Amino acid sequence: MESPDSRYASSNEAPPKQQQQQSSPRNSQDDGGDGGDYQEKSTYTRFLVSNAEAGSVIGKGGSTISEFQTQSGARIQLSRNYEFFPGTSDRIIMVSGTVNNVLKGVELILDKLLNEFYLEEGDGAEPRSKVRLVVPNSSCGGIIGKGGATIKSFIEESQAGIKISPQDNSYAGISDRLVTVAGTLEEQMRAIDLILSKLSEDTYYIQSLSTPFPYAAGYNAPNYGPNGGGGKFQNHRPHNNKGPGVLQDDRNSNSVTIGVADEHIGLVLGRGGRNVIEISQVSGARIKISDRDDFMAGTTDRKVTITGSQRAIRVAEDMISQKVSSATDKGE
């Protein structure tokens, strides 16, 4: 897969004219009242994708993102390579246009990612996945509703799991929260439709369309806060020639070995080594995983040796931690 190219991070081209017969979850719900006005409103949604997923959405030479814009009539933009949502190693993707166009664009993207990254070969069950929407904190109250009534109704109607993260005060000037929607593609799209309907009533939310990635430039390096880490990831730092757990200043000679539970090494590697390659490409660090039965002293944790600059090592460690924690809590 071609790695994400910043040339396609934020297309300035106007999206193609809307096709008149776009399919979306809202179409079947149009009751002839204000549904038509709702469908014609200009809106947007933002959600997170890994660097590998961003590359899949962009496609070779930008072919996939161009095709999705043509099919949906929506504009699709991505934050640039290394411009991550604070506290993660994920890029932000924004889909904007009329409500129907946005829903169609999101559906095209999620369907591709579901089949490419989540669908297990030979598994007859309908695949389930998670998508994390980026929503201004001031707009989350409308989704929650009085006493949680609105979010409960959205969960019942869509059959998707919907969770809103607490506001993270670890990053100055960041007022966005993550709304995680889990379920099948159909369940996710019903939930996103309901959420987008509520958000589109919020004047502040619509006004923030003009600044799709307001914080990206200031938070280029992942630095996991309270929402990162977790799982059975073990961070064992061995001695080096500057003492235990101390990194050297020489950008080319830093090396740290951490421990990852043996049963979770597959999560770090990924199918066909996809995850470890992505971690290496994003962080700029070299990563070596010990052979089977080669454990950290006194544990059953495999050795993961990370070599590179201080920043590269820190980014790689954080990404490994996220791979383990995000995969181990998948059934939540």
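User: Which residues have the most contacts inside the largest nonpolar core?
Analyst: They are F47, I109, L133, V179 and I195, in a core of 44 residues. Such a core is a set of buried Ala, Val, Leu, Ile, Met, Phe, Trp, Tyr and Cys residues joined through side-chain atoms within 4.5 Å; buried means under 20% relative accessible area, with a 1.4 Å probe and protein chains only. The model is predicted: local features need pLDDT of at least 70 and side-chain atom pairs pLDDT 80 or more, while totals for chains, interfaces and linings use all residues. Residues are numbered from 1 along each chain, and side-chain values use heavy atoms, without hydrogens and water.

User: Which helix gives the largest share of this core?
Analyst: Helix α4, residues 99-118, contributes nine residues. Helices are DSSP runs of H or I with at least four residues, and strands are E runs of at least two, numbered from the N terminus.

User: And what is I195 in contact with?
Analyst: Leaving aside neighbours within four places in sequence, I195 is in contact with L133, I143, F154, I162, V179 and V181. Contact means heavy atoms within 4.5 Å.

User: Which residues does the second core include?
Analyst: That separate core of 19 residues includes F84, I258, V268 and V282.

User: Changing topic, how many residues of α2 are buried?
Analyst: Eight of the eight residues in helix α2 (51-58) are buried. Their cover includes β1 (42-49), α3 (63-72), β2 (75-78), β3 (91-98), α4 and α10 (274-283).

User: What comes just after α2?
Analyst: G59 follows, with a positive phi of about 80°.

User: How many helices and strands are in the chain?
Analyst: The chain has eleven helices and twelve strands, and 49% of its 332 residues count as buried.

Key
Buried means under 20% relative accessible area, exposed over 50%, partly exposed in between (1.4 Å probe, protein chains only).
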